[in-house]
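Look at the strands first, then at the helices that accompany them. The paragraphs below take them in that order.

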Amino acid sequence: MAETARGRLNWTGLGVFALVLLVWEAAVRSGLIAFEFFPPPSRILLGIVALTRDGVMLQDLLHTLGSIAAGWSIAMLIGVAIGVLLGFSPTARRFGLASVEVLRPMPGIAFAPVGLLLFGFSLQTELVVTVLPTIWPVMVNTMGGIANVHPRLGDVGRTLRLSNTEIVRHLLLPAALPSIIVGARISLGLALVMAIVAEIVGNPAGLGYGIVREQQAMNPEYMFAYIAVVGILGIALNAGVVALTTALWPATSRVTL
Amino acid sequence: MAEPIFECRSASVALAFGGQARPIVSDIGLSVHEAEFLSIVGPSGTGKTTLLRMLGGLLRPTSGEIRMRGEVLTGPPDGVVIVFQDYGNALLQWRTVAANVAFGIERHLPRKECDERVAAVLELVGLSKRASDYPWQLSGGMQQRVQIARALALRPAVLLMDEPFAALDAMTKAGLQDELLRLRDQTGTSFVFITHDIEEAVYLGDRVAVLKGSPGRIDNIVDITLPSPRDQVTTRQLPEFLAYRYDLHQAIGHG
């Protein structure tokens, strides 16, 4: 990240990045790197500007953003629910953990053909590919977070005469929140990756399809422009979650972020 | 003498280890009167913590019974609260000091009354100025005071304390000991105070029970007749104090 723990910009780190771009620019212009379809950063920037003026970039960005939001939200609901259940209940772990461990290592992309067969080239296919692998990080972190809550907190709840549901709601979930947030952030990064993959192979829309479309049209600066925007989107999404977490739970963010 | 408010009659606890039930404490008989300070002293491994968990209703006795105001316990009873030794685990790190103290009462009281009670107990333990801090911004002694305040907010009749000052330095400990005695005088709360520190048990206690053996049993109960209010310097120099200290060391088997 380009930010330090205190939230100020890390100028040294950004300077190094700018230097890399400069070297790239110089290498391409001087002919040191000579590919037919390898543009310098300045051309990519012009590509972003052109696509943005045209309006197509915003349209593709909104599509991808929407898929990520939908896919990540569905995955969060499923992942937190299963994670809480497995974290609380040894019985649930005994019956359910084996299934989870079998499904979890399967690469999400392997389900793209399944999605295509069931739903064709569509948003549904994109969501299948995005949701399935995105469930696991948040699920595993939720389960671990709940299972690792210090047993003393349960004692505290009981001596203060809380009911079992109150103990879950007011003690175990807040205590596990830092782990759940970590899982949610990993899942969000994965949702971006999987949405792009799905748009490349399964749903002709959004930023991922933009990369393929421009590659096939042999517009390298536009192709790289889409890749750059995907990168910027990743940084923005992460910063968004961090900001949201800090606003909602200031005390928790101290430990997590 | 009046009826005891809290009573333990020939109670025993056995816990399962690898499928086998091992007795931890056996045949415990104790009674606590209103505003009384009962210290329980015992070396490690005699089941002090198990005894306190049983008294607090977290563990059900395998035999015998515990009564609070005559009612047999089936779980943590109304009016009895435990203060744990490990304040770091027992406090809610994501809540401010005031929100921690409110935790036991906020679901049962109107907002205004809850706020007033939190303010009152924070005043009592001298933490009014730290109400909006988080536990990790406080020293160990202050964190333990937060836990005591959280228990006091429920206005318990009996406060059960499990070596609450064991992790604190000597000076903080002395300050908190005097604070407990002052709280007892102000609120009329009864205390059951478990410790491995004989001097602490004598200094605080109206009576000191000696827990001994494995499984742990109450060996004897000593009445402490030292003048009140107690003083960290002068009380500890009294010949009677030293005599109690000597007797209890003998009773535990150090002498």
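Strand β9 (residues 207–212) of chain B and β10(B) pair in the antiparallel sense over six bridges; strands here are DSSP runs of E of at least two residues, helices are runs of H or I of at least four, and both are numbered from the N terminus. Two strands count as paired if DSSP finds at least two bridges between them. Within this pair, Val208(B) has Val222(B) in β10(B) as its bridge partner. Helix α9 (residues 239–252) of chain B packs on the sheet and touches β3 (37–41), β9 and β10 of chain B, where contact means heavy atoms within 4.5 Å.

This is a predicted model: local features need pLDDT of at least 70, side-chain atom pairs count only at pLDDT 80 or more, and totals for chains, interfaces and linings use all residues. Residues are numbered from 1 along each chain as its sequence is written, chains are lettered from A and ligands numbered from 1 in the order in which they are written, and side-chain values use heavy atoms, with hydrogens and water left out.

The open sheet has six strands in the order β6-β7-β8-β3-β9-β10 (chain B), with mixed pairing. β6 and β10 (217–223) of chain B are at the edges with a single partner strand each, so one side of each has no neighbour in the sheet.

Both faces of β6 (residues 80–83) of chain B are covered: Val80(B) and Ile82(B) on one side, Val81(B) and Val83(B) on the other, are all buried, that is, under 20% relative accessible area (1.4 Å probe, protein chains only). Four bridges join β6(B) in parallel to β7 (residues 158–162) of chain B.

Notes:
Buried means under 20% relative accessible area, exposed over 50%, partly exposed in between (1.4 Å probe, protein chains only). Axes are lines fitted to C-alpha atoms, for helices over the stretch in contact, and angles run from 0 to 180 degrees between N-to-C directions.
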